[in-house]
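Subject: Structure for you to look at

Hello,

Here is the structure I promised. Please open it before you read on.

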There are 2 protein chains.
Amino acid sequence: MASQSSLPPQNYGVALFEGFQALDVFGPVDVLNLLSATRTLKLSLIAPTLDPVTTVPAARPTMIGQRIVPTHTYETAPDDLEVLLVPGGFGTRDLERTQPVVDFIKARYPKLRFLLTVCTGSALAARAGVLDGKEATSNKASFEWVASQRAWVKWQREARWVVDGNIWTSSGISAGIDQIFAFIEAQYGEDVAEALAKQSEYVRNKDPKNDPFKALAG
Amino acid sequence: MASQSSLPPQNYGVALFEGFQALDVFGPVDVLNLLSATRTLKLSLIAPTLDPVTTVPAARPTMIGQRIVPTHTYETAPDDLEVLLVPGGFGTRDLERTQPVVDFIKARYPKLRFLLTVCTGSALAARAGVLDGKEATSNKASFEWVASQRAWVKWQREARWVVDGNIWTSSGISAGIDQIFAFIEAQYGEDVAEALAKQSEYVRNKDPKNDPFKALAG
């Protein structure tokens, strides 16, 4: 954590790949968008190439989807990223297409202040080895598959989100929204998080141990 | 409602404009993306031109944002759209830039099976005249401004979402997620909506009259 500082983070990146889950990104990012109305933030959308990235997984071509325009590639991403957000989605099952994401997490984690994953995004962080020995969680319906990606992680079946050191991992899809509000509360203050939740008309789950979907993890 | 049918809708459109709110779109659309894993759906992303559409409002250029690639323009949108989703966002305040959206709603509403708005998207529907005499709601912190756009609407200050005929309007940002689950329940069945909510690990607010943010509307 070379760039660790007591100032709240300003410089965010999102790791995109084919078949990412739209809400895993836009749940948290929409809150950051709102935050940027009152604070200076930077957000890089990082992808294998500068071509638009689709939410449609290669293995499920009949699904509908949307295409997002990246701002950087994994080669050109800014050096001074402080926070990296890694979404999940069906696309995480594609080990080859997600290898650039895994390599990027592995290379960049030592310089990041915080790593956040949503849903099966924790499978990508696990493959990068950065969760070894740490507590982490993931999507509940996909829990067995995610846990099978790396044995050296202390996988938590019952958690809305988990914080271990500077790594935050959330449960499935919508849990990323509760996690980002908790992260914003920790970094920018409770008043900031509460004002944003009101603006978004979002009823927060503020307890990381309150996991309404734990039964899905078996 | 020329194309009214008892079959659940398959053909969706989303009306995009500069400065739309990301979660107003991707909250509902992510659920439709998941639904399309098991049902044939079509989704058109409609915009003034085929250039990527930014979430950054022209009036707030220092905000961070994301760019989405449209599939159609307001001139080339498919004739057989059944459901049109209209998001809100800071961009709705720009009367000139949103006029193509208003014109499109006005022209297309007679052929739609359903019109759904999220947040201040109801201001655009109101300007199109299609809410005249109907009950509707909107973002709570922006309620006075939205209501001032059209006097002939029966604006509801206390509602998570409102259904009047074939028009669904939701409260601010996150309320669009509760609304889409209720819409899916009405169209495809409770089992389908519940399975999708579990998959998304989303705790639904199922009561349109349960509005945790009514106080913001004054």
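Below is what I found in it, topic by topic.

First, a caution: this is a predicted model.

**How the copies relate**

Chain A can be laid on chain B by a turn of 180° and a shift of 0.0 Å along the axis, with an RMSD of 0.0 Å. The two copies are therefore related as by a two-fold rotation axis. Which C-alpha of chain A lies nearest that axis? That of Ile68(A), at 2.4 Å from it. The copies meet through the same surface, because 100% of the interface residues of chain A are also interface residues in chain B.

In chain A, H5 covers residues 175-188. H5(A) packs with H6(A) at an angle of about 145°, and their axes are 6 Å apart. On the H5(A) side, the residues are Phe181(A), Ile184(A), Glu185(A) and Tyr188(A). They meet Glu190(A), Asp191(A), Val192(A), Ala193(A), Leu196(A) and Ala197(A) of H6(A). By class, this contact has seven nonpolar, three charged and no polar residues.

Now chain B. The axes of H5(B) (residues 175-188) and H6(B) (residues 190-199) cross at roughly 145° and come within 6 Å. H5(B) contributes Phe181(B), Ile184(B), Glu185(B) and Tyr188(B) to the contact. From H6(B) come Glu190(B), Asp191(B), Val192(B), Ala193(B), Leu196(B) and Ala197(B). The contact of H5(B) with H6(B) divides into seven nonpolar, no polar and three charged residues.

Most residues other than glycine have a negative phi. Two residues deserve a look here.

Glu201(A) is not a glycine, yet its phi is positive, at about 50°. Glu201(A) sits in the segment after helix H6 (190-199) of chain A. Is Glu201(A) buried or exposed? Its relative accessibility is 1%, so Glu201(A) counts as buried.

Cys119(B) also has a positive phi, near 60°. Look for Cys119(B) in the loop between strand E7 (114-117) and helix H3 (121-127) of chain B. Cys119(B) is buried, with a relative accessible area of 3%.

**Asn139(A)**

Where is Asn139(A)? It is in the loop between strand E8 (135-136) and helix H4 (143-148) of chain A. Asn139(A) counts as buried because its relative accessibility is 7%, and the cut-off for buried is under 20%. Asn139(A) and Ser171(A) are 32 residues apart in sequence. In space, their C-alpha atoms are 4.7 Å apart. Leaving aside neighbours within four places in sequence, Asn139(A) is in contact with Cys119(A), Thr120(A), Ser170(A), Ser171(A) and Gly172(A), and also with Gln199(B) and Glu201(B).

**Lys206(A)**

Lys206(A) is in the segment after H6 of chain A. At 47% relative accessibility, Lys206(A) counts as partly exposed. Which residues does Lys206(A) contact, leaving aside neighbours within four places in sequence? Trp161(A) and Glu194(A). Lys206(A) and Leu131(A) are 75 residues apart in sequence and 23 Å apart in space, C-alpha to C-alpha.

**The largest pocket**

The largest pocket has a volume of about 290 Å³. Its lining has 16 residues. Nearest its centre lie Val203(A), Tyr202(B), Val203(B), Arg204(B) and Asn205(B). The lining of the largest pocket divides into six nonpolar, four polar and six charged residues.

Best wishes

Definitions and conventions:
Residues are numbered from 1 along each chain as its sequence is written. Chains are lettered from A and ligands numbered from 1 in the order in which they are written. This is a predicted model: local features need pLDDT of at least 70, side-chain atom pairs count only at pLDDT 80 or more; totals for chains, interfaces and linings use all residues. Side-chain values use heavy atoms; hydrogens and water are left out. Copies are superposed by least squares on the C-alpha atoms of residues with pLDDT of at least 70 in both. Contact means heavy atoms within 4.5 Å. Helices (H or I, at least four residues) and strands (E, at least two) are DSSP runs, numbered from the N terminus. Buried means under 20% relative accessible area, exposed over 50%, partly exposed in between (1.4 Å probe, protein chains only). On a 1 Å grid over the protein atoms alone, a cavity is a set of points where a 1.4 Å probe fits but cannot get out, and a pocket is an open set with protein on both sides within 12 Å along at least five of seven lines; lining residues have an atom within 4 Å of a point. Grid points are joined across faces, edges and corners, and a volume is the space filled by probe spheres set on the points. Ala, Val, Leu, Ile, Met, Phe, Trp, Tyr, Cys and Pro count as nonpolar, Asp, Glu, Lys and Arg as charged, and the others, Gly among them, as polar. Axes are lines fitted to C-alpha atoms, for helices over the stretch in contact, and angles run from 0 to 180 degrees between N-to-C directions.
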